[in-house]
Amino acid sequence: QAQLVESGGDSVQPGGSLRLTCAADAVTYSSAVMAWFRQAPGKAREGVAAIYSGEGSYYSDSVKGRFTISHDNVKKMVYLQMNSLKPEDTAIYYCAAARPGYGGNWFAPFEYATWGQGTQVTVSS
């Protein structure tokens, strides 16, 4: 079955908050880099946040200051706290784990070998 399972997607009003959770097995969680991507209707998949053990986090300009990626090494989970949500944040959000040979391209899809099935986030009034 799936190595990564996302949850927490919901429909919220603009300005609202939501926290997404990505549950991983121990092996997948051991990946050096974990990230969140999203894909809005009619648009290409876009990286939004990534966390690199020992190096910190990286965010796309569109979510910087509003989203926060974090992880829990005990529970083997990765989170995406989303605040001040906007209608343009509406998308299917995917959790991803980097491949063993990760080359340092934070938001390049080919760097990620394992993906979750996605969770829908809808921001509208």
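Biologist: With which residue does R99 form a salt bridge?

Modeller: Bear in mind that this is a predicted model. A salt bridge is called when a side-chain nitrogen of Lys or Arg lies within 4 Å of a carboxyl oxygen of Asp or Glu, and R99 forms one with E111, their closest N and O atoms being 2.9 Å apart. Both partners sit in the loop between β9 and β10 (112-115), 12 residues apart.

Biologist: Is E111 buried or exposed?

Modeller: E111 counts as buried, because its relative accessibility is 1%, whereas R99, at 29%, counts as partly exposed.

Biologist: How many salt bridges does the structure hold, and which residues are joined into one network?

Modeller: The structure holds 5 salt bridges, and those that share partners join R38, E46, R66 and D89 into one network. Within that group, R38 meets E46 at 3.1 Å, N to O, and R66 meets D89 at 2.7 Å, N to O.

Biologist: Which residues touch the most other members of the largest nonpolar core?

Modeller: In soluble globular proteins, nonpolar side chains tend to be buried together. Here the largest nonpolar core has 27 residues, of which L20, W36, I69, L80, M82 and Y93 touch the most other members. Apart from this core lies another, of 8 residues, among them A35, F37, A98 and Y112.

Note on methods:
Residues numbered from 1 in each chain as written. Predicted model: local features only at pLDDT ≥ 70, side-chain atom pairs only at ≥ 80, totals over all residues. Heavy atoms only, no water. Core = buried A, V, L, I, M, F, W, Y, C linked by side-chain atoms within 4.5 Å. Buried < 20%, exposed > 50% of the residue type's maximum accessible area, 1.4 Å probe, protein only. Helix = DSSP H or I, 4+ residues; strand = E, 2+ residues; numbered from the N terminus.
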